[in-house]
Amino acid sequence: KAAMKYAGIDSKSWARFTFVMTALFTMITCLVSFYKADFINLTVCVLAIDVLCNAEKTKVATFRCLVILTAFSLVIDIVWFTLRDATDDPHNPEMSSPEEGVIKFSIWMAYISFVFKIIMTFVFWRTSIKFEDVID
């Protein structure tokens, strides 16, 4: 806590930071969803926004579930990336369609989302530890 005060981060700014990061996570998830079904992350985002907006009515365990769901979606992403065909394959009919640009953009956003999920797992975890600060 002393390190956060030294860096100029108080509990109210951490709650605001969590909300802003969740909004960014929601936008990235929507961009990924042009090609890849990403409903777990969208559910996590909606739940996180609801919990942050109605913190006084929420239990701490709800935010801890968000941490678990985000970590679970990381595992699902690893499986999806592993099973995904290469986008550079010239014989892939998906990559020779008119939607090729949208598909490539969405796949790049999936990689960005993967990195962002790692960050969000730590943000949600930190918020779940000090959830009483969010309520204030």
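1. Let me start with the pair I would look at first: D77 and K117 form a salt bridge, with their closest N and O atoms 2.1 Å apart. This is a predicted model, so please read that distance as a computed value. D77 lies in helix α4 and K117 in helix α5 (residues 100-129), so the bridge ties together parts of the chain that are 40 residues apart in sequence.

2. Are the two partners buried or exposed? D77 counts as buried because its relative accessibility is 2%, under the 20% cut-off. K117 is at 0% relative accessibility, so K117 counts as buried too.

3. D77 has another partner to check. Its side chain also meets that of K36 in a salt bridge, at 2.6 Å from N to O. This pair links distant parts of the chain, with D77 in helix α4 and K36 in the loop between α2 and α3, 41 residues apart. Both D77 and K36 are buried.

4. K36 in turn forms a salt bridge with D38, where the closest N and O atoms are 3.6 Å apart. That value still falls within the 4 Å limit for a salt bridge. K36 has a relative accessible area of 6%, so K36 is classed as buried. D38 is buried as well, at 5% relative accessibility.

5. How many salt bridges does the model have by this rule? The count comes to 3. Through shared partners, salt bridges join K36, D38, D77 and K117 into one network.

6. Now to the helix packing. Helix α3 (residues 39-53) packs with helix α4 (residues 60-83) at an angle of about 160°, and their axes are 10 Å apart. Which way do the two helices run relative to each other, parallel or antiparallel? The angle makes α3 roughly antiparallel to α4, because angles over 145 degrees are put in that class. The crossing of α3 past α4 is left-handed.

7. L31, F34, V102 and F105 make a nonpolar surface patch of about 360 Å². L31 belongs to helix α2 (residues 11-32). With a relative accessible area of 30%, L31 is partly exposed, because that class covers values between the 20% limit for buried and the 50% limit for exposed.

Note on methods:
Residues are numbered from 1 along each chain as its sequence is written. This is a predicted model: local features need pLDDT of at least 70, side-chain atom pairs count only at pLDDT 80 or more; totals for chains, interfaces and linings use all residues. Side-chain values use heavy atoms; hydrogens and water are left out. Patches are made of residues with over 30% relative accessible area and no salt bridge: like charges are joined within 9 Å, nonpolar side chains (Val, Leu, Ile, Met, Phe, Trp, Tyr) within 5 Å. Accessible areas come from the Shrake-Rupley method with a 1.4 Å probe; for residues, only the protein chains shown count as cover. Helices (H or I, at least four residues) and strands (E, at least two) are DSSP runs, numbered from the N terminus. Buried means under 20% relative accessible area, exposed over 50%, partly exposed in between (1.4 Å probe, protein chains only). Axes are lines fitted to C-alpha atoms, for helices over the stretch in contact, and angles run from 0 to 180 degrees between N-to-C directions. Angles under 35 degrees count as roughly parallel, over 145 as roughly antiparallel, 65 to 115 as roughly perpendicular and the rest as oblique. A crossing is left-handed if the near helix is turned anticlockwise from the far one by less than a right angle, and right-handed if clockwise.
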